[in-house]
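Here is a friendly walk through one structure, a few side chains at a time. Keep the picture open beside the text as you read.

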Amino acid sequence: MKKKLIWGIVFILIGIFCSRYISNINAKSIFNSGELYYFVQEGVYTNKKIMNNDLKDIKNRAVISKNNKYYVYVGISKDLEIAKLIKKIYEDKGYQIYIKELSVDDKEFSSNVEQFDLLIKNSSNDEDILTIESVVLSNYEEIINNK
């Protein structure tokens, strides 16, 4: 009888330990199968006319409409250092830029971004970097518009 009681207590303790361990796992990693990206965001607008006026000098951008708001991205990367580089390029032009972590679940997009990140690492001037990013942004807009 004592052995059954001891084993019962052991199993209860194991159950408590396991439940605490599982509750500490980030729910995001369980329920979101997408990969993490660094989105370089210029801002969020509620008026498209004002957005277009404020951003008339930014040709390379992705505008994603969601809940009557326009989210403006000027770069996407899997590498934080590249995202910081893109942020600096736009801040040097006078824009206030943010880096936002988002996940995207698309294998082809992931492969494309990895390849473009490699190109950016080997680029020496800002215009080349922005040209490469324009392709990434177009690719992202296509993914969003096809969902």
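In which helix do lysine 84 and glutamate 81 both lie, and how many residues apart are they? Both belong to helix α4, where three residues, about one turn of the helix, separate them. Helices here are DSSP runs of H or I with at least four residues, strands are runs of E with at least two, and both are numbered from the N terminus.

Before going further, a word on the model. It is a predicted one, in which local features need pLDDT of at least 70 and side-chain atom pairs count only at pLDDT 80 or more, while totals for chains, interfaces and linings use all residues. Residues are numbered from 1 along each chain as its sequence is written, and side-chain values use heavy atoms, with hydrogens and water left out.

Now back to helix α4. Side chains of opposite charge can pair when their charged atoms come close. Lysine 84 and glutamate 81 form a salt bridge, with their closest N and O atoms 3.8 Å apart; the term means a side-chain nitrogen of Lys or Arg within 4 Å of a carboxyl oxygen of Asp or Glu. Glutamate 81 is exposed, at a relative accessible area of 53%, and lysine 84 is partly exposed at 43%. For these words, buried means under 20% relative accessible area, exposed means over 50%, and partly exposed lies in between (1.4 Å probe, protein chains only).

Helix α4 also holds glutamate 91 and lysine 87, four residues apart, or about one helical turn. Their side chains meet in a salt bridge of 3.8 Å, N to O. Glutamate 91 is partly exposed at 37%, and lysine 87 is partly exposed at 25%. Elsewhere, salt bridges that share partners join Glu35, Lys78 and Glu114 into one network.

The whole structure has six salt bridges, and one of them links lysine 121 with aspartate 79 at 3.1 Å, N to O. Lysine 121 is exposed, with 53% relative accessibility, whereas aspartate 79 is buried at 18%.

Leaving aside residues up to four places away in sequence, aspartate 117 touches Ile76, Ser77, Lys78, Asp79 and Ile82, where contact means heavy atoms within 4.5 Å.

Let us turn to the rings. The structure contains six aromatic pairs: rings of Phe, Tyr and Trp (its six-membered ring) pair if their centres lie within 6.5 Å, and planes under 30 degrees apart count as stacked, over 60 as edge-to-face and the rest as tilted. Phenylalanine 39 and tyrosine 73 make an edge-to-face pair, because their ring centres are 5.0 Å apart and their planes stand at 70°. Phenylalanine 39 lies in strand β1 (residues 35-45) and tyrosine 73 in strand β3 (residues 69-77), so the pair ties together parts 34 residues apart in sequence. Phenylalanine 39 is buried at 0%, and tyrosine 73 is buried at 5%.

Tyrosine 90 and tyrosine 95 also pair edge-to-face, with centres 6.4 Å apart and planes at 75°. Tyrosine 90 is buried at 3%, as is tyrosine 95 at 15%. Finally, Tyr37, Phe39, Tyr73, Phe109 and Tyr140 form one aromatic cluster.
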